[in-house]
Amino acid sequence: MTLRNAPDKPVYVRIREVIADAILAGRYGDGDPLPSVRALAAEQGANPLTVAKAYQGFQDDGLVTVKRGVGMFVAAGARAKLKASERDHFLAEEWPAIEARMHRLGIQPTDLLDKVKA
C-alpha cells in the first residue's frame, strides 16, 4: 500500500489522486474527455456525489473544464500544473519523512543512485 492510497484518506481524495495520476501518466492529455461521473463512480465503487466532489476540486483548480451537455475535459496545461503541484507537495510533505528514515537506516543518496544504475 502506498501513502497515496492509504485507507484513512477520504474517498473523494483517493478518487482525485486516481484522476491526477492518470493525467500525470499521460492517459488523459490536454483536451481529452474524462469519464462521466457515473462511469467513474461505477469503476471505483463510489457514490456519484463523491466523484462529483473530486471533479469539482479539479474544476476549482482550473485543471478541468466543463462543456455543458458534453462532459468534463482536461484543461490546457493541466499536466504541467499537476506535476508542479505534486512535486512541491512531495518535497514539502513526503520527502522530510523519507530523508529522516534514510538517515536512521544509514542510507546515503549515493546508495540509491547505485541501485538505479544497477
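Student: Why is Phe 90 called partly exposed?

Tutor: Buried means under 20% relative accessible area, exposed means over 50%, and partly exposed is in between (1.4 Å probe, protein chains only). Phe 90 has 31% relative accessibility, so it counts as partly exposed. Phe 90 lies in helix H4. Keep in mind that this is a predicted model, where local features need pLDDT of at least 70, side-chain atom pairs count only at pLDDT 80 or more, and totals for chains, interfaces and linings use all residues. Residues are numbered from 1 along each chain as its sequence is written, and side-chain values use heavy atoms, with hydrogens and water left out.

Student: What does Phe 90 touch, not counting residues up to four places away in sequence?

Tutor: Phe 90 touches Trp 95, Pro 96 and Ile 98. Contact here means heavy atoms within 4.5 Å.

Student: What makes Ser 85 buried, exposed or partly exposed?

Tutor: Its value is 42% relative accessibility, so Ser 85 counts as partly exposed. Ser 85 is placed in helix H4. Its C-alpha atom is separated by 21 Å from that of Ala 52, 33 residues apart along the chain.

Student: Why is Val 74 called buried?

Tutor: Val 74 is at 2% relative accessibility, so it counts as buried. Val 74 is found in strand S2. Leaving aside neighbours within four places in sequence, its contacts include Ile 23, Tyr 28, Leu 34 and Leu 63.

Student: How do you know that Met 72 is buried?

Tutor: The value for Met 72 is 18% relative accessibility, and therefore Met 72 counts as buried. Met 72 also lies in strand S2. Not counting residues up to four places away in sequence, Met 72 touches Asp 32, Leu 34, Tyr 55 and Val 64, among others.

Student: What makes a set of residues a nonpolar core?

Tutor: The set must be buried Ala, Val, Leu, Ile, Met, Phe, Trp, Tyr and Cys residues, joined through side-chain atoms within 4.5 Å. The largest one here has 18 residues. Ile 15, Ile 19, Leu 34, Val 51, Tyr 55 and Phe 58 touch the most other members. Two or more residues come from each of helix H1 (11-24), helix H2 (37-44), helix H3 (48-60), strand S2 (71-74) and helix H4 (78-105).

Student: Which residues does Phe 58 contact, leaving aside its neighbours within four places in sequence?

Tutor: Phe 58 is in contact with Arg 16, Ile 19, Ala 20, Leu 63, Val 64 and Leu 82.

Student: How many helices and strands does the chain have?

Tutor: There are 5 helices and 2 strands. Helices (H or I, at least four residues) and strands (E, at least two) are DSSP runs, numbered from the N terminus. Along the sequence the pattern reads α-α-α-β-β-α-α.

Student: Why is the chain called more spread out than a compact globule?

Tutor: Its radius of gyration is 17 Å, well over the 13 Å that the globule rule gives for 118 residues, so the chain is more spread out than a compact globule. The radius is taken over C-alpha atoms, and the rule is 2.2 Å times the number of residues to the power 0.38. The C-alpha atoms fill a box of roughly 55 × 30 × 25 Å, taken along the principal axes.

Student: How much of the chain is made up of buried residues?

Tutor: Buried residues make up 22% of the 118 residues.
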